[in-house]
Amino acid sequence: GKSLDEAFRQAQDFVESKNFDSRIYLYKYDRAANFQRSEVYKLRESLLENEPAFEKFLTDGVRDIIYEIFALRDPSLISWGLADIFFVTLSQTELKNSLENNKKNQAQENFSEVRQKFSSYFIEKALRMKTNPEIWQAGQSLVLEVIDNAWSNHLELMDMLKEEANLFSYASEDPLIDFIKESRALFADLGKNIQKEFVKSVFRYLNHQGELG
């Protein structure tokens, strides 16, 4: 049989190799987190006291969200999406009539046209904030606040992910691969959440001011 010393040495080797694995894992986790942090800071810096960048961020946000809502295809889901983000209530019948076209070959063209009209309409509404310099300035501070809040929530999720990957490091072949996949997906969501929260805040304000009637 094995001597006690040998068994102890093997156990120690195993623990040390696991410690080494976890150091590599933590290093790679930190690299992923640092990359994401620098991307968020770049976005923040690009919008800081930069009116043209802020305007582009707002209009791109409106356009992207409209495309996302219309990608749902179903009139009831589209009207729910428009109400949720843009505070505009459209009857499903109205929407159905706008989207449907008797000639099949024109249906897709008609859909794109309606989507484009909605996009232009809401961009024009959003840019009404420009008529009041104080409000326009406040919007530029608001976007930074939205980014900071979303980033703070994102870090909490990343920490949970890190704990989870560490927990499964003994069971999984490579918890790092899972972690990197998940953290990329979370980061993609972060961008969408920032965009959505910001555009929704702008339209909540416009609705409150009676600008959407």
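**Figure 1. Overall view of the predicted model and its buried residues.** Buried residues make up 33% of the 213 residues in the protein. The model shown is predicted. The protein contains seven helices and zero strands, and its order along the sequence reads α-α-α-α-α-α-α. Among contacts with a separation of 6 or more, 72% are between residues 24 or more positions apart. The accessible surface of the protein amounts to about 13600 Å²; carbon and sulfur atoms account for 52% of that surface.

**Figure 2. Confidence along the predicted chain.** Across the protein, the mean pLDDT is 83, and 83% of the residues reach 70 or more. Helix H2 has the highest confidence, with a mean of 95. The lowest confidence belongs to helix H4 (residues 92–99), where the mean is 72.

Figure 3. Helix H2 comprises the 20 residues 51–70. At 1.5 Å a residue, helix H2 should span 28 Å, and this agrees with the 29 Å between its end C-alpha atoms. The buried residues of H2 include the phenylalanines Phe 54, Phe 57 and Phe 70. Also buried in H2 are Leu 58, Val 62, Ile 65, Ile 66 and Ile 69, together with Thr 59 and Gly 61. In an α-helix, residues three or four places apart point the same way, because each turn has 3.6 residues.

**Figure 4. Close-up of Gln 36 and its surroundings.** Gln 36 lies in helix H1 (residues 4–47). Its relative accessibility is 4%, so Gln 36 counts as buried, the cut-off being under 20%. The side chain of Gln 36 is joined to that of His 154 by a polar contact of 2.6 Å. With neighbours within four places in sequence left aside, Gln 36 is in contact with Trp 151, His 154 and Met 158, and also with Ser 183, Arg 184 and Phe 187.

**Figure 5. Close-up of Leu 142 and its contacts.** Leu 142 is located in helix H6 (residues 133–167). With a relative accessibility of 25%, Leu 142 counts as partly exposed, because this value falls between the 20% and 50% cut-offs. Once neighbours within four places in sequence are set aside, Leu 142 is in contact with Phe 198 and Ser 201. Leu 142 and Phe 198 are 56 residues apart along the chain, and 7.6 Å separates their C-alpha atoms.

Key. Residues numbered from 1 in each chain as written. Predicted model: local features only at pLDDT ≥ 70, side-chain atom pairs only at ≥ 80, totals over all residues. Heavy atoms only, no water. Helix = DSSP H or I, 4+ residues; strand = E, 2+ residues; numbered from the N terminus. Buried < 20%, exposed > 50% of the residue type's maximum accessible area, 1.4 Å probe, protein only. Contact = heavy atoms within 4.5 Å. Areas by Shrake-Rupley, 256 points an atom, 1.4 Å probe, with all protein chains shown as cover. Expected span 1.5 Å × (residues − 1). pLDDT = per-residue confidence, 0-100. Polar contact = N/O pair within 3.5 Å; in protein donor to acceptor, adjacent residues only side chain to side chain.
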